Amino acid sequence: MKIVTYNIKSGIYHPEGLEAVARVLEEAAPQVIALQEVDRNTRRARHEDQTAWLANRLGLPYHCFGAATPWEGGGDYGVSLISSYPLVDTKVTHLWVPHGADVPHGAREPRVVLSAVVEADNPFTVMVTHLGLTGEQRRRQAEQLLECARGVNGNRVVVTGDLNGHPDSPELRVLSESLRDVLAELPESERITFPSGDPEMHGDDFLARTIDYIFVGGGVRVESARVIADYSLASDHNPCEATLLSAASPA
């Protein structure tokens, strides 16, 4: 089974919008897709449910959306899951964000984690999130995320998303206490997830651009993993991909 995580920039980065995003996903051909920066019925998305549109375009029958925040002019903005397998026991958990007049507006943006059980032959839980802009909130959000993951039966969990932190940051070390970064063994030059496009154009600071991840629990085995360098610039992020083997049975 192949899973892809992708920050799609609300389908507004490429002149062809969601169709450009769909082509990237279609070529990857995953069975499970985790998306960030997704609009549902917003004015800028022409009042379209972007998750449902992509699911229909890709021929995948199951999808769910986790609203993080209402959007100006109506609709919602958040994260979502699309799957060829049923998604059950869906849950949206709100993550910690700072408050107060002295906190910049962007740092107060609501953040959530959307989780669901993928009813494959060996069911597992998939989580998708988009962490905050400051180190402190990402660390606290990562602790919440890890707590959610620790509650999964048999540790059969896949945690995905735009985590906005570098691989050696405190928030990523929090997650690495109990979960495995499936891209950790790749050469640094193959881990660029932001910005999208030709890696040769990014210079020597590529590690600063590794902010999208797939983590797995001990009950999930991984056959391969990679960052898809998207030269079409469908979004400002590159998607990440992992091919999963059959999850181990619960202990």
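User: Which residue in β7 stands opposite Val 118?

Analyst: Strands of a sheet pair through backbone hydrogen bonds, either parallel or antiparallel. In this case the residue opposite Val 118 is Phe 124 in β7. Please note that this is a predicted model, in which local features need pLDDT of at least 70, side-chain atom pairs count only at pLDDT 80 or more, and totals for chains, interfaces and linings use all residues.

User: How many helices and strands does the protein chain have?

Analyst: Both kinds of element are DSSP runs numbered from the N terminus: helices are H or I runs of at least four residues, and strands are E runs of at least two. The protein chain has 4 helices and 12 strands.

User: In what order do the strands of the open sheet stand?

Analyst: Two strands pair if DSSP finds at least two bridges between them. Here 6 strands form an open sheet with mixed pairing, in the order β5-β6-β7-β8-β10-β9. Its edge strands are β5 (87–95) and β9 (180–181), each of which pairs on one side only.

User: Which sense, parallel or antiparallel, does the pairing of β7 and β8 have?

Analyst: Strand β7 (residues 124–130) and strand β8 (residues 157–162) pair in the parallel sense, over 6 bridges. Within this part of the sheet, Thr 125 is opposite Val 157 in β8. By contrast, β5 and β6 run antiparallel and are joined by 7 bridges; there, Thr 93 has Val 113 in β6 as its bridge partner. The strands β6 and β7 also run antiparallel, with 6 bridges between them, and they form a hairpin with 5 residues between them.

User: Is strand β6 largely enclosed or open?

Analyst: A residue is buried under 20% relative accessible area, exposed over 50%, and partly exposed in between (1.4 Å probe, protein chains only). In strand β6 (residues 111–118), 8 of the 8 residues are buried, so the strand is largely enclosed by the rest of the structure. Arg 111, Val 113, Ser 115 and Val 117 point one way from β6, whereas Val 112, Leu 114, Ala 116 and Val 118 point the other way, and all are buried. For the protein chain as a whole, buried residues make up 53% of the 251 residues.

User: What covers the buried residues of α1?

Analyst: Cover is read from contacts, that is, heavy atoms within 4.5 Å. The buried residues of α1 are Leu 18, Ala 20, Val 21, Ala 22, Val 24, Leu 25 and Ala 28. Their cover includes β1 (2–7), β2, α2 (50–58) and β12 (240–244).

User: Which peptide bond is cis?

Analyst: The bond from Phe 194 to Pro 195 is cis, with omega near -5 degrees. Pro 195 is in the loop between β9 and β10 (212–216).

User: Is Val 182 buried or exposed?

Analyst: Val 182 counts as buried, at 10% relative accessibility, and its place is in the loop between β9 and β10. Leaving aside neighbours within four places in sequence, Val 182 is in contact with Ile 214, Val 216, Val 222, Ala 225 and Ala 242. Val 182 and Ala 225 are 43 residues apart in sequence, yet their C-alpha atoms are 6.3 Å apart in space.

User: What share of the contacts in the protein chain joins residues 24 or more positions apart?

Analyst: Among contacts with a separation of 6 or more, such residues account for 70%.

User: What radius of gyration does the protein chain have?

Analyst: This radius is taken over C-alpha atoms, and the globule rule is 2.2 Å times the number of residues to the power 0.38. With 251 residues, a compact globule would have a value near 18 Å; the protein chain has 17 Å, which agrees. Along the principal axes, its C-alpha atoms fill a box of roughly 50 × 45 × 40 Å.

Definitions and conventions: Residues are numbered from 1 along each chain as its sequence is written. Side-chain values use heavy atoms; hydrogens and water are left out.
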